[in-house]
Amino acid sequence: MPIGGVIFITLFIAAFGTALIYLARWTGGRAKKTSQAKFDIYECGLPAEEKKDTKISVKFYLTAILFILFDIEIIFMYPWAVNFRHFLNTGAGLTVFGSMMVFLLVFIFGLWWEIKSKALEWD
Amino acid sequence: MTSMGITGFEIVINAVKLLIIFLLMVQAVPILVWLERRGSGFIQNRFGPNRVGPLGLVQLLADAVKFLTKEDFAPDKGNRFMFYAAPVFALIPGAVAFMAIPLSVPLKTPEHVFLIQGYDINVGIVFILGVSSLAAYTILMAGWGSGSKFSLMGALRASAQIISYELALGLSIVGIILLYGTFNLTEMIQAQHGGLSFKAFGYTLAASWLPNWGIFYQPLGMILFFAATFAESNRLPFDLAEGEAELVAGFHTEYGGFKMLMFFIGEYAHMMIASGLMATFFFGGYSIWNLTPQEVYNWCYGLVGSEQLANVLSVLLHFVSFSIKLAIFLWIFIQVRWTLPRFRYDQLMDLGWKTMLPWALGNTIATAVIIFATTYFVIG
């Protein structure tokens, strides 16, 4: 693995980005506090509210959990897909093909159940 | 040369190569921004930037000067560390993933073989998918660090969208992995060299005037992959993250100046990865129409009559070929942005989960069945 190159360029870009931010702070200067409103968060003409605990729709959590389930199922297909031709050529094709089709049946059932139970309805 | 290299010379060359590719990416961003503004102007029957310099090209420099002279601002209510770290981290995933895409044939010299790519990873596809989806974290950091409701809502929407389309994206390329049986992008491109020839049941159907590109084997996979990359890079039909009618500017509402520019670089880097992967998976990567690199090399050798020069010329020609493909896809990104309207949020989620995911699944099953049938019954 060319891990050295990955680490090198990651650190370089992080340093590059930090340098850009400091450069912009140096050339442009820090924002002067001429009024409190300037340092408030964006709001359309109203005083910004102080609420720290914005309520978030539970659908986002559900989406995230479903994503983890399905993404792991998809990741299982990757090693199968890479070795599929190799197994075909060595004669184990039917077993490998059949077992993945059974796995896909479970996948499709999961997707069907998820749609049927209205887990993906946004209103 | 699988790692950083063994000798000091190789390490230096590889480091310089990484820096050059990164700087090429960064300097391509202002040109793309100019192209986008100018192109959108013509699409919408107005001019776009045309006052500063020839064709408005010096506008880019004017923009940079403006970015430099802006005050450095952070909102009082936000988390300062997150607020400043988010744009820096936004640069990383795009650039690190793009380094793994091969840009041209290797440059051979008598002592060394130089790969024209940042690093050659044997599980390139998994690496690129894994690293580029880290962008969801930078968006969440920006939304959280700003301490603003608009930013937080935009960030949540964006990350929910990115993870939803990640499924369709991941599943749409299982077909192409089945076809070529490799995670390595260079091997995948090598499998697409030459003229088109279908092999089935022991028969061969050849059309050698067409290139042997993946799109002829995986047309549905291509469409699904391209649509999913639009959602991954938050581009217009899917730019719910910054739906300005309801969320001001989404996760970067509080940002300005250079920090804003860094988010832009991240977004354009994602477009470049998407275009590069489209070219690599479905359009033969750096290969030139239906010519193999050996044929191109022979043609170059006939032209200049020196092995060294022919090598360099062949590398350049392949690099130009890759750049043209990249530019075409980048232009499609821009054209689509100024052509299609935005989705509603529930339509977006329905498209990802209920349309693209089942179609990608069907594509995978169909590809597996066809490969199984055409190979198994011939041997059996």
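Author: The radius of gyration is taken here over C-alpha atoms, and the globule rule against which it is set is 2.2 Å times the number of residues to the power 0.38. The model is predicted: local features need pLDDT of at least 70, side-chain atom pairs count only at pLDDT 80 or more, and totals for chains, interfaces and linings use all residues. Residues are numbered from 1 along each chain as its sequence is written, while chains are lettered from A and ligands numbered from 1 in the order in which they are written.

For chain A the radius of gyration is 26 Å, whereas a compact globule of 123 residues would have one near 14 Å. The C-alpha atoms of this chain fill a box of roughly 75 × 45 × 15 Å along the principal axes. Chain A contains 4 helices and 0 strands, where helices are DSSP runs of H or I of at least four residues and strands runs of E of at least two, numbered from the N terminus. Of its 123 residues, 16% count as buried, that is, with 20 or more other C-beta atoms, placed from the backbone, within 10 Å of their own.

Chain B has 14 helices and 4 strands. Its radius of gyration is 22 Å, close to the 21 Å from the globule rule for 380 residues, so chain B is as compact as a globular protein of that length. Of these 380 residues, 47% count as buried. In α6(B), 23 of the 24 residues are buried, so this helix is largely enclosed by the rest of the structure.

The contact itself involves 52 residues from chain A and 72 residues from chain B, two residues being in contact if their C-beta atoms, placed from the backbone, lie within 7 Å. On the chain B side, the helices that each supply at least two residues include α1 (8-43), α6 (149-172) and α14 (345-379). The most comes from α14(B), with 14 residues. This side divides into 45 nonpolar, 15 polar and 12 charged residues; Ala, Val, Leu, Ile, Met, Phe, Trp, Tyr, Cys and Pro count as nonpolar, Asp, Glu, Lys and Arg as charged, and the others, Gly among them, as polar.

Not counting residues up to four places away in sequence, A168(B) touches L224(B), A228(B), G352(B), M356(B), L357(B) and A360(B).

Methods
A residue is buried if 20 or more other C-beta atoms lie within 10 Å of its own, exposed if 12 or fewer, and partly exposed in between; C-beta atoms are placed from the backbone.
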